[in-house]
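Please look at the sequence and the model shown below.

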Amino acid sequence: MIDFNHVNKVYDNGSLALDDVTIHIEKGEFVLICGPSGAGKSTFIKLLSHEVVPDSGTVIVNDMEVSHLKKRKIPYLRRRLGIVFQDFRLLPNKTVSENIAFALEVIEEKPKVIKERVAAVLEMVGLSHKANDLPQDLSGGEQQRVAIARAIVNKPLVLIADEPTGNLDPNTSKGIVELFKTINNSGTTIVMVTHDMEMVKYLNKRVIALEDGRVTSDRMRGAEFNEA
Ligand code: ADP
Ligand code: ADP
């Protein structure tokens, strides 16, 4: 599903963000990427969506060679990825259901299909009763659920989450990762960046640690993971 082969990335200012990173992630896995600030976690995620291109090495997502993708193929790649951020990034002037529907409108899905899919994902994230509310009227945890619903409504190959619980209290965070587990159990591959060690242990999934742009550990069970 995801293949990084000897990936190097140095930014224009000379910052070494990734240094010979080789990572293989199978379809259906739930993988956590952790490490201190500046370790290269965001760069790893930006390479998946072609926001950043490597200086050398290859990045492959579902048979697409992202590292050498033609410009006109980039929207196609991004449509196959669902991305969730720490700060939710909902459209403030659209209701919950409009926020989710928007992801389908841009790909010109039929109105009937949009209606059905929006209702289905709202039910999955437990927010059917908030369909007509604006984001500002929801709690942080609820806003993140809307963002997750929007990310999965296109049935992405991979759900990518960059510090999705970074703005949430521990209890709300657990609810969010339980939702990720449900989504993962339905077959979606999940890659989640976190520096919350409690969460790593709680989830007990595969955890890849980055430090100074290098993979320093890769373990199948988060509970066995110890910060160096
Ligand atoms: P993390 O997400 O783990 O905090 P990043 O991938 O954001 O790490 O950053 C890795 C390194 O690359 C850091 O040294 C950071 O300062 C640098 N970096 C990240 N983005 C840029 C950029 N756009 N321009 C220059 N340097 C960057
Ligand atoms: P994150 O919380 O994801 O690690 P940061 O606060 O490190 O994000 O970075 C925010 C934005 O600034 C990102 O888009 C990142 O690529 C960029 N950035 C990070 N470090 C640098 C840097 N040294 N020079 C320029 N841009 C940077």
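A residue is called buried when its relative accessible area is under 20%, exposed when it is over 50%, and partly exposed in between, using a 1.4 Å probe and protein chains only. This is a predicted model, in which local features need pLDDT of at least 70 and side-chain atom pairs count only at pLDDT 80 or more, while totals for chains, interfaces and linings use all residues. Residues are numbered from 1 along each chain as its sequence is written, chains are lettered from A and ligands numbered from 1 in the order in which they are written, and side-chain values use heavy atoms, with hydrogens and water left out.

Because 6 of its 8 residues are buried, H1 is largely enclosed by the rest of the structure. The buried residues are Lys41, Thr43, Phe44, Ile45, Leu47 and Leu48. Just after H1, His50 adopts a positive phi of about 65 degrees.

Among the residues around ligand 1 are Tyr11, Asn13, Pro36, Gly38, Gly40 and Thr43. An oxygen atom of ligand 1 lies 2.5 Å from an N or O atom in the side chain of Thr43, and an oxygen atom of the ligand is 2.7 Å from a polar backbone atom of Gly38.

The structure also holds 7 salt bridges, a salt bridge being a side-chain nitrogen of Lys or Arg within 4 Å of a carboxyl oxygen of Asp or Glu. Side chains of opposite charge can pair when their charged atoms come close. In one salt bridge, Asp19 meets Arg214 at 2.9 Å, N to O. This pair links distant parts of the chain, since Asp19 is in strand E2 (residues 16-25) and Arg214 in strand E10 (residues 214-219), 195 residues apart. Asp19 counts as buried because its relative accessibility is 19%, whereas Arg214, at 41%, counts as partly exposed.

Another salt bridge joins Arg89 and Asp87, with the closest N and O atoms 3.0 Å apart. Arg89 is partly exposed, as its relative accessible area is 47%, and Asp87 is partly exposed at 44%.

Key. Helix = DSSP H or I, 4+ residues; strand = E, 2+ residues; numbered from the N terminus. Near = heavy atom within 4 Å. Polar contact = N/O pair within 3.5 Å; in protein donor to acceptor, adjacent residues only side chain to side chain.
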